[in-house]
Amino acid sequence: MIFKHLILYMIIGKINKNEKKIKFHLDIKCTKCGKTVPGGMQTSENYFGSDSFKIEIDNFKKNYLCGICRDKKRLADKK
């Protein structure tokens with residue numbers, strides 16, 4: 001498979017055009033089914049470690065749904 005080693009990073013916060021990026025990994029589990037998902041993240045150097053960054057990460061972990069649970073929720077919300 002060509003994309004075997006491709007790692008996608010989700011962006012947290014805002015990264016300006018010429019700003020340095022920090023890549024990091026979070027241990028993320030779906031809040032509904034408990035499935036562990038890849039947690040590759042990136043943010044700006046200035047935002048990383050700030051109070052608002054910590055709050056955003058905490059909220060992200062509390063509300064994260066894996067793709068399967070997210071799709072089930074979307075279908076249920078359409079009805």
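Leaving aside neighbours within four places in sequence, Phe24 is in contact (heavy atoms within 4.5 Å) with Gly39, Gly40, Met41, Gln42, Thr43, Phe48, Phe53 and Ile57. This is a predicted model, in which local features need pLDDT of at least 70 and side-chain atom pairs count only at pLDDT 80 or more, while totals for chains, interfaces and linings use all residues. Residues are numbered from 1 along each chain as its sequence is written, and side-chain values use heavy atoms, with hydrogens and water left out.

Phe24 also belongs to the largest nonpolar core, which has 14 residues. Such a core is a set of buried Ala, Val, Leu, Ile, Met, Phe, Trp, Tyr and Cys residues joined through side-chain atoms within 4.5 Å. Buried means under 20% relative accessible area, exposed over 50%, and partly exposed in between (1.4 Å probe, protein chains only). The members that touch the most others are Ile12, Phe24, Leu26, Ile28, Met41, Phe53 and Ile57. Helix α1 (residues 51-63) supplies the largest share of this core, three residues; helices (H or I, at least four residues) and strands (E, at least two) are DSSP runs, numbered from the N terminus.

Three strands make an open sheet in the order β1-β5-β2, with mixed pairing. Strands pair if DSSP finds at least two bridges between them. The edge strands, β1 (10-11) and β2 (21-25), each pair on one side only. β1 and β5 (residues 40-44) run parallel and are joined by two bridges, and Ile11 stands opposite Gln42 in β5.

The structure holds five aromatic pairs. Rings of Phe, Tyr and Trp (its six-membered ring) pair if their centres lie within 6.5 Å; planes under 30 degrees apart count as stacked, over 60 as edge-to-face and the rest as tilted. Two of the pairs are tabulated.

| Pair | Centre to centre | Angle between planes | Class |
|---|---|---|---|
| Tyr47 and Phe53 | 5.7 Å | 85 degrees | edge-to-face |
| Phe60 and Tyr64 | 5.3 Å | 50 degrees | tilted |

Tyr47 and Phe53 are both buried. Phe60 is buried at 18% relative accessibility, and Tyr64 is buried at 18%. One aromatic cluster is formed by Phe24, Tyr47, Phe48 and Phe53.

The whole structure has zero disulfides, a disulfide being a pair of cysteine sulfur atoms within 2.5 Å. The closest cysteine sulfur to that of Cys30 is in Cys69, 3.7 Å away, which is too far for a bond. Cys30 is buried at 4% relative accessible area and Cys69 is buried at 7%.

Lys79, in the segment after α2 (67-78), is exposed at 87% relative accessibility.
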